[in-house]
Amino acid sequence: MRPTANSMHDQAAERLREQIFAGELAPGAFLDEAALCERLAVSRTPLREALKVLVAEGLLRHEPRRGCFVAEITERDVQEIFPVIALLEGRAAYEATERAGAADIAALEVLHRRLREHAEAGRITEYYEANYAIHEAFITLADNRWLAQVIGDLRKILRLARHQTLHLPGRLQQSLSEHLAMFAALKRGDAPDAELTMRNHVLAQRDALRELARNHPSRIAP
């Protein structure tokens, strides 16, 4: 059965997301529609629908008469988004702690063990993926669709730059310590402390990004 137009544009959007998050499409880069059609093996119509989706998500920006460009996260974005997402993810950690059962804790134990192994081996890409999975697990466990929706929208923007912070000296181990503190609070059933440690963890990422922008080449625009 041939894929429908909807599934073709969904697939194209997902492949473009992956390339943006992987840095294969650099911030500020112009998207040549003809080249993308050839690369993704899709026609112009599903490609344009995919581009509209990514513009709505904030991953691309559209300029009239010029076309689409990969979005750049700015210093102002970092300053404004992180305090908001810290509050939201903190609340998700609170609600996740209140709902966590033995099976949930066992599943999180596996994820945190994987996180520790990647940190000890210095595997930054794999660490980031495990880190992302843990945040997703907290959000899923919170079982609050409004929180999940808003956090999901904001996290797509932050993924434009967030994993870069793990290259800063000491940040990998600091991030691991923050995660282990959050997990310890959840296992104790201490929802307020889980909320606080999650908020501090997210704000620590903001501080690391700001340091990166000041002192190292980064994907953050002025």
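Here is a short tour of the structure above, one selection at a time.

Before you click, know that this is a predicted model, where local features need pLDDT of at least 70, side-chain atom pairs count only at pLDDT 80 or more, and totals for chains, interfaces and linings use all residues. Residues are numbered from 1 along each chain as its sequence is written, and side-chain values use heavy atoms, leaving out hydrogens and water.

**Stop 1: the cysteines.** Select Cys 37 and Cys 68. How far is the sulfur of Cys 37 from the closest cysteine sulfur? That sulfur belongs to Cys 68 and sits 12 Å away, too far for a bond. A disulfide here means a pair of cysteine sulfur atoms within 2.5 Å, and the count comes to zero. Cys 37 is buried at 12%, and Cys 68 is buried at 7%.

**Stop 2: the core.** Leaving aside residues up to four places away in sequence, Leu 31 touches Leu 25, Leu 36, Leu 51, Leu 60, Cys 68 and Val 70; touching, or contact, means heavy atoms within 4.5 Å. Leu 31 is also among the residues with the most contacts inside the largest nonpolar core, which has 63 residues. Such a core is a set of buried Ala, Val, Leu, Ile, Met, Phe, Trp, Tyr and Cys residues joined through side-chain atoms within 4.5 Å. Others on that most-contacts list include Leu 60 and Phe 138.

**Stop 3: His 112.** Now jump to helix 5 (residues 102-121), where you'll find His 112. Helices are DSSP runs (H or I, at least four residues), numbered from the N terminus. His 112 counts as buried, at 3% relative accessibility. Not counting residues up to four places away in sequence, its partners are Ile 134, Phe 138, His 179, Leu 180 and Phe 183.

**Stop 4: helix 8.** Select residues 171-188. This helix has 18 residues and reaches 26 Å from first C-alpha to last, close to the expected 26 Å, a span worked out as 1.5 Å times one less than the number of residues. Its buried residues include His 179 and Phe 183. Just after the helix, check Gly 189, which takes a positive phi of about 75°.

Note on methods:
Buried < 20%, exposed > 50% of the residue type's maximum accessible area, 1.4 Å probe, protein only. Helix = DSSP H or I, 4+ residues; strand = E, 2+ residues; numbered from the N terminus.
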